[in-house]
Amino acid sequence: MKYHIWTEGCQMNVADSQRVGSALEHLGYSNTITIEEADVIVLNTCVVRQSAEDKAYGRLTSLRPLKIKNPNLVINLMGCMVGVRGAEKLKAKLPFVDVFSPPSDPGPLISFLTQGEVRSMEDAETTRRFLAMDDELILPVHERGTLISAHVPVVYGCSHACTYCIIPYRRGIERSRPVGDIVAEVRSLAAQGVKEITLLGQIVDRYGKDIPDGPNLAGLLRIINEVDGIERIRFLTSHPNYFGEDLMEAVAELPKAMPHIEVPIQAGDDIVLENMKRGYTQADYYRLVEKIREKIPGCSIATDIIVGFPSETEEQFMQTYKTLSDLRLDVAHLARYSPREGTVSSRRMPDDVSAEEKMRRFRLLEEMQEQILGEINAKYLGETVEVLFEEKVKGRWKGRTPTNKLVFVESEENLRGKIIPVHVTWTGPWSMQATLLTQQPVLVSL
Ligand code: SAH
C-alpha cells in the first residue's frame with residue numbers, strides 16, 4: 001500500500017505533511033513519488049493568496065480521473081483550504097474527496113483508514129494520541145538519515161487580526177505546544193540524524209504566552225540548545241511587537257541559535273500599516289532592526305512585504321520602497337495583495353490597485369532588493385564561513401551559512417550533515433560558491 005503527498009504553501013505545511021507521512025507509515029503504507037501508483041493521495045493546501053488556492057483546485061481536478069479509474073483510491077484534502085471550521089460547503093463541491101482534514105491534523109485520515117469513517121474530531125484526536133504523534137516524530141523512511149534540517153511547529157494557529165490575512169480563520173486560535181512535547185520531538189529528530197531545527201509559528205515570538213508556567217521563546221531556545229546532536233536552531237515567523245530583548249540576547253548568547261531573524265514589516269507607510277492593523281509604525285520597525293543589529297552583530301534579517309494593499313497610493317508605496325532601501329535587509333519575500341474571503345480587508349476595503357500597478361510595484365522592489373542582496377553577499381567574497389551541508393544537487397553540495405545564505409561546493413566527499421568552514425569564491429544575489437579549505441587550489445611557483 002502506497003501514499004503520495006503533495007504539499008503547497010508555508011513551512012508549517014511541510015512539517016504537517018511530514019506528520020501525515022509518518023502516521024501513514026505507522027499504518028504500513030510506504031511513500032511513492034508516482035501519483036498513479038498511490039492508494040492514498042494527500043493534498044496539503046494553502047489559500048494565503050488566490051494563486052495558491054487556484055493551484056490547489058487545479059491539482060484536485062487532475063485527481064478526478066484517477067478516482068474514477070480506481071474507486072478504492074483514498075483522496076484526502078488537508079490544510080488551509082479545509083480550515084478548522086468544518087468543510088460542509090467543500091464536501092458538496094468535491095464529492096470525490098474522501099477525507100477532509102484541518103491544518104496540522106493527520107487524525108481524520110488515520111480514523112478513515114483504520115475505521116472506515118471519521119466519526120468525530122474527538123475520535124481523530126484519540127487516534128493521534130494513540131500513535132503518540134504529539135511528542136515523537138518518526139520521520140518517513142525516505143527522510144530518515146537524509147533530512148538534515150527539520151521544521152518543528154511550536155505555535156499552532158494565530159489569534160491576530162491582520163486585516164488581509166486568512167490564516168487565523170483557517171488555522172484557528174493560537175495554541176502553543178507544551179515544552180515537553182517539543183523537546184521530545186527535537187530529541188527524536190536528533191536521533192534520526194537531524195542537525196538543524198527551525199521552530200515554527202505564525203507569530204513564533206508569542207510562543208508560551210498561553211501557557212502560564214512554561215518558558216517563552218527565549219527560554220525554549222535555551223532548552224533546545226542543550227539537546228545533543230542538534231547543531232543549529234532557527235525560528236520563524238516573528239512579529240515586530242513581540243520581539244523582546246530577551247529573545248535577542250538568547251540568539252546572541254546561545255551557540256546553536258543562528259543569527260537569522262524573519263520579521264515581516266508588510267508595508268513601510270504608517271497609514272497602510274494602520275489599515276493592515278499591524279500594530280506598529282515604520283519608525284518602530286527601524287528601531288527594531290537597529291536593536292537586532294546592535295545585539296546580534298552580523299545577524300541577517302528577512303522581511304515580508306505586501307504591495308498594492310487597498311488604497312495604497314504611490315507615495316505610500318514609496319515609503320515601503322524607502323524602507324527596503326534604507327534598511328538593506330537580507331531577504332524580502334514580496335507579495336501582491338490578494339483579497340481573501342472572510343478577511344476584514346476583503347469585506348470593507350475595495351481592491352482598488354490594478355493588477356498592472358501591483359506588478360509594477362512588485363518589480364520595483366524586486367529589482368532594488370536584488371541589487372542590495374548582490375552587494376550584501378559580495379562582502380562574503382574571500383571570507384571563510386561555516387556551512388551546514390544538506391544534500392547534493394546536480395553534482396554540487398548545497399548548504400547554508402549561519403545567516404541562512406545558500407552555498408554550493410564541489411566535492412567528492414560525503415558532506416551531508418557536516419558543518420565545515422569553506423572559502424567563498426563567488427557570490428551572487430541568490431547564492432554563493434565556495435571551496436573546502438583543504439581543497440583550495442595550491443599556487444605552484446615555477
Ligand atoms: N504569520 C506570518 C506569515 C503569514 S503568511 C506573518 O505574520 O507574517 C506569509 C505572508 O504572506 C505574509 O507575511 C504576507 O506578506 C503574505 N500575505 C498574507 N496574506 C496575504 C494577502 N491577502 N495577499 C497577499 N499577501 C498576503
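How far apart do the C-alpha centres of domain 3 and domain 4 lie? In this predicted model, for which local features need pLDDT of at least 70 and side-chain atom pairs count only at pLDDT 80 or more, totals for chains, interfaces and linings use all residues. Residues are numbered from 1 along each chain as its sequence is written, and side-chain values use heavy atoms, with hydrogens and water left out.

The protein chain is divided into domain 1 (2-131), domain 2 (145-258), domain 3 (260-378) and domain 4 (384-436), the bounds being taken from an automatic or database domain assignment. The C-alpha centres of domain 3 and domain 4 are separated by 30 Å. Ten residues of domain 3 are in contact with nine residues of domain 4, where contact means heavy atoms within 4.5 Å. Between them, domain 3 and domain 4 bury about 790 Å², of which 55% is on carbon and sulfur atoms; buried area is the accessible area (1.4 Å probe) that two parts lose on being put together, summed over both. On the domain 3 side, the most area is lost to domain 4 by His-260, Glu-370 and Asn-377, which together account for 57% of what that side buries.

The ligand is surrounded by 16 residues, the closest being Tyr-164, Gln-202, Gln-266, Asp-304 and Ser-338, with a residue taken as near if one of its heavy atoms lies within 4 Å of the molecule. Because domain 2 and domain 3 both give residues to this shell, the ligand lies between them. By class, the shell holds seven nonpolar, four polar and five charged residues, where Ala, Val, Leu, Ile, Met, Phe, Trp, Tyr, Cys and Pro count as nonpolar, Asp, Glu, Lys and Arg as charged, and the others, Gly among them, as polar.

As to backbone geometry, Leu-236 and Thr-237 are joined by a cis peptide bond with omega of about 5°. Ser-311, a residue other than glycine, has a positive phi near 65°.
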